[in-house]
Amino acid sequence: ILFLLITSRTIATTLIDFEWWREMGQVDVWWSMLAYRFGPVVGAAVVMFGVIWVAQARGFKSGGSGLGQYPGYARASTIAIGIFSFFAALLTVDGWTVARYFGGRAAGDAGWKEPVFQLPVSFYFFELPFYRQLLSVVLVTTLAAALAYFLTSRWARLRGRDLQEIEVTALGEALDSPFLRGIAAFGLLALAARYYLDRYN
């Protein structure tokens with residue numbers, strides 16, 4: 001009931017839009033608009049889910065355990081990662097930015113270039129927002145994957161020990177993993193690219 005109350009406005013708007021497009025005989029256009037808007041979101045959510053899920057599985061492996069040893073946790077974490085990935089993609093991805101990017105590239109350049117960086121206007125309207133959005137997805141994904149890897153690795157190593165045996169360690173132990181170092185390097189490269197694109201703002 002709470003879910004229906006929260007989403008009732010969205011459901012009503014969607015139904016009204018559908019009825020209007022059907023009355024106009026343009027249902028195919030309506031479906032295309034939905035695909036443009038939510039297709040990139042779904043694609044980004046799938047990529048996020050895959051990376052984060054693999055990261056937690058590798059975290060268990062680095063801790064000397066395996067995800068298959070905890071079937072209840074595996075099911076719960078899969079659902080939680082799926083929900084997180086969907087909402088993270090929904091917040092970071094704008095489908096129309098992706099559609100404008102591909103549409104702008106297909107339209108080509110008008111020939112005029114701005115005097116500072118000698119770039120066409122289409123770069124600022126179509127390409128720059130897409131690149132910034134793509135880097136945001138990469139940063140969110142790498143941060144979530146690194147956190148999932150670190151937490152599952154520590155939990156697998158400390159599970160079953162007495163509190164007296166638990167040793168508070170620094171991040172240096174976790175950074176011994178090539179997987180986590182690779183994720184961190186990828187995220188730092190994305191952050192550097194984002195700073196590089198900031199000059200065009």
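This is a predicted model: local features need pLDDT of at least 70, side-chain atom pairs count only at pLDDT 80 or more; totals for chains, interfaces and linings use all residues.
Residues are numbered from 1 along each chain as its sequence is written, and side-chain values use heavy atoms, with hydrogens and water left out.

Thr-152 belongs to helix α5, residues 121–158; helices are DSSP runs of H or I with at least four residues, numbered from the N terminus. Is Thr-152 buried or exposed? Thr-152 is buried, because its relative accessible area is 6%. Buried means under 20% relative accessible area, exposed over 50%, and partly exposed in between, with a 1.4 Å probe and protein chains only. Not counting residues up to four places away in sequence, Thr-152 touches Ala-55, Gln-56, Gly-59, Phe-60 and Tyr-73, where contact means heavy atoms within 4.5 Å.

The largest nonpolar core has eight residues, namely Val-41, Ala-44, Ala-45, Met-48, Ala-88, Ala-89, Val-93 and Val-137. Two or more residues of this core come from each of α2 and α3, and α2 gives the largest share, four residues. A second, separate core has seven residues, including Phe-123, Leu-128, Leu-135 and Tyr-200. A nonpolar core is a set of buried Ala, Val, Leu, Ile, Met, Phe, Trp, Tyr and Cys residues joined through side-chain atoms within 4.5 Å. With neighbours within four places in sequence left aside, Val-137 is in contact with Ala-44, Met-48, Thr-92 and Val-93.

Next, the surface. Phe-38, Val-42, Val-46, Ile-79, Ile-83, Phe-86, Phe-87 and Leu-90 form a nonpolar patch there, and together they have about 730 Å² of accessible area. Helices α2 (27–62) and α3 (71–92) are the elements that give two or more residues to the patch, with the largest share, five residues, coming from α3. Such patches are made of residues with over 30% relative accessible area and no salt bridge, with nonpolar side chains (Val, Leu, Ile, Met, Phe, Trp, Tyr) joined within 5 Å and like charges within 9 Å. Phe-86, placed in helix α3, counts as partly exposed because its relative accessibility is 38%.

Finally, how many salt bridges does the structure hold? There are two salt bridges, each defined as a side-chain nitrogen of Lys or Arg within 4 Å of a carboxyl oxygen of Asp or Glu. In one, Glu-19 pairs with Arg-22, and the closest N and O atoms are 2.7 Å apart. These two residues are three residues apart in helix α1 (residues 2–23), so about one helical turn separates them. Glu-19 is partly exposed at 38% relative accessible area, and Arg-22 is partly exposed at 47%.

In the other, Arg-132 pairs with Asp-198, with 2.6 Å between the closest N and O atoms. This pair links distant parts of the chain, as Arg-132 is in helix α5 and Asp-198 in helix α7 (residues 178–198), 66 residues apart. Arg-132 counts as buried at 19% relative accessibility, whereas Asp-198 counts as partly exposed at 30%.

Note on methods
Accessible areas come from the Shrake-Rupley method with a 1.4 Å probe; for residues, only the protein chains shown count as cover.
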